Amino acid sequence: MASPCSLLNISLNSIVHNHVQLLSDVRLLPGNLQCDIYRQMYDCGHLKPLETELTCFENVTKLLRANEKRLLLYKPLQYLHDNGINVAVTLYEEYSCQVRQFMKMEDWDVCKKMIPMGISLGNLFLEMGWFYKADNMFYCILQLCKALTPTPYKMILLCHTRLLHIRTGNCQFSAAKDSYEQAVELASQLESSSCIPVSWIPISLGKCQLLFAMNHYREAYQDCLKLLTNVNSQLSVKVIIDILRISSKACVVKRKYRKAEYLITHAVELAKQHFGDQHRTYADSLVDYGFYLLNVDSVDSAVKIYQNVLDILQNLFGENNLCVAMVHEDLGYASYVQEYSSGEFENARHHAQMAIDIISRHLPEDHLLLASSKRVKALVLEEIAIDRDLEEEKLDEAQNLHLASLLLARQAFGEDNVQIAKHFGNLGRLYQSMKRYGEAEKMHQRAIEIKERLLGIEDYEVALSLGHLASLYTYDMNMFDKAEELYIRSIAIGRKLFGDGYSGLEYDYRGLIHLYKSTGLYCTKTVLPSAVLN
């Protein structure tokens with residue numbers, strides 16, 4: 001006797017094989033079975049009928065009630081989007097049209113029922129990385145809620161917090177701040193009136209994510225510590241995972257590595273336990289685990305983690321999704337660090353270019369998400385050019401990418417930001433390779449000044465910039481006294497943060513040894529281990 005599983009598969013195969021005659025009946029099935037059928041149609045190449053099925057507003061809103069089964073629709077939806085069928089636009093326009101129609105008719109009962117439909121659609125758009133339409137959807141729901149009597153304040157508050165999250169992810173920081181302020185104002189009013197219970201945790205979580213995205217690491221770290229004290233069993237697992245993830249990242253940038261490891265490993269375990277190892281939430285947690293590994297010098301492990309994430313997301317979305325692009329960028333940078341000693345940068349170059357190509361297809365050319373991908377490619381091109389006797393064409397391309405990244409970062413952050421300092425440092429290294437030593441020195445000095453002021457004089461980022469300026473002074477400008485002082489400062493910071501075995505110390509030690517050989521001097525400072533001195 002056939003097992004239930006095989007009977008189900010036989011039935012699905014039969015429906016898919018005869019889909020032309022049966023599609024109208026398929027819509028009468030439960031949403032979870034519809035998701036199975038539509039995904040199998042996609043896998044079998046029956047793509048044209050999917051356009052009708054997945055752009056039908058009533059059908060899609062039913063499918064979204066299938067909970068985790070809706071993940072099966074990610075790939076078909078992305079395929080339609082890639083082939084000129086803008087599903088998000090079609091569904092949003094139908095939703096907003098219906099909302100306007102029912103509001104004009106003053107059919108308020110139906111209007112209330114439209115709210116959860118809109119939230120489900122907005123969440124789908126966000127999961128797909130369709131930020132602009134997710135923003136439009138929640139803004140539309142917000143206006144609908146404001147027109148209702150009695151006013152559904154909890155729904156309005158939810159819209160503000162979702163818009164905060166969406167706008168942060170889309171790098172629209174000014175609009176995200178507005179959403180945060182509106183959420184705080186409404187929550188404070190509700191709390192003071194004591195008429196509706198208010199949970200501040202989603203608002204505080206959104207604030208932490210915004211602060212981190214804007215590189216305000218000190219404030220993000222402090223707010224994350226406060227947020228962690230409010231974690232309790234009443235929160236949803238997804239919210240708990242998001243709190244652990246952002247708190248871990250804040251700990252990483254503040255070099256609190258033991259805390260960061262505890263938080264992110266717990267987030268990964270929770271995500272795997274509750275969502276499985278092929279879910280978007282698990283993949284997002286792994287991304288932050290890779291971020292931790294890369295910062296504690298476990299580069300090979302970070303590369304493996306990012307590759308695992310890329311495999312998961314490509315299986316969910318296909319190859320041309322914005323979420324996939326972001327992981328290509330992470331993998332590109334991790335591969336660049338991994339390949340630095342070997343000089344083989346083709347893997348890093350491939351992933352950086354993939355990130356740029358995908359993001360360029362989905363977002364405006366001046367979007368901030370392009371800045372970091374262009375920066376990674378510029379770093380890779382510079383190293384390739386150095387290995388090829390300073391190939392001028394690649395150095396020029398690297399310069400154009402760095403300057404474009406700097407411009408985008410300035411537009412988003414202004415001058416007083418850690419990301420700006422990083423871009424200055426990257427330009428400093430590039431100008432050194434291009435033998436433009438005076439410009440290189442100015443770039444490194446600006447990077448150091450910003451980092452010391454914003455992060456403190458003993459931060460890892462400061463040490464990096466000190467080492468880069470020391471290298472310029474040693475190898476190209478013969479300013480050995482200044483170089484020695486900078487190397488010793490950089491080494492002291494690295495040893496204090498990571499210990500004597502930190503691989504990043506190698507470059508400072510090599511530079512210092514070269515300095516002493518060039519000058520005939522000998523270091524009497526205890527900063528150098530005896531093995532290096534010998």
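**Exercises on buried residues**

**Exercise 1.** Which residues are in contact with Thr474, leaving aside its neighbours within four places in sequence?

*Solution.* Contact means heavy atoms within 4.5 Å. Thr474 touches Phe480, Ala483, Tyr487, Gly511, His514 and Leu515 by this rule, with neighbours within four places left aside. The model is predicted: local features need pLDDT of at least 70, side-chain atom pairs count only at pLDDT 80 or more, and totals for chains, interfaces and linings use all residues. Residues are numbered from 1 along each chain as its sequence is written, and side-chain values use heavy atoms, without hydrogens and water.

**Exercise 2.** Find the buried residues of helix α2 (residues 19-26). Why do they line one face?

*Solution.* The buried residues are His19, Leu23 and Val26. Seen down the axis of α2, they fall within an arc of 70°, so they line one face of the helix. The arc is that of the directions from the helix axis to the C-beta atoms. Now turn to the face away from the buried side: α2 carries the exposed residues Gln21 and Ser24 there.

Notes. Buried < 20%, exposed > 50% of the residue type's maximum accessible area, 1.4 Å probe, protein only. Helix = DSSP H or I, 4+ residues; strand = E, 2+ residues; numbered from the N terminus.
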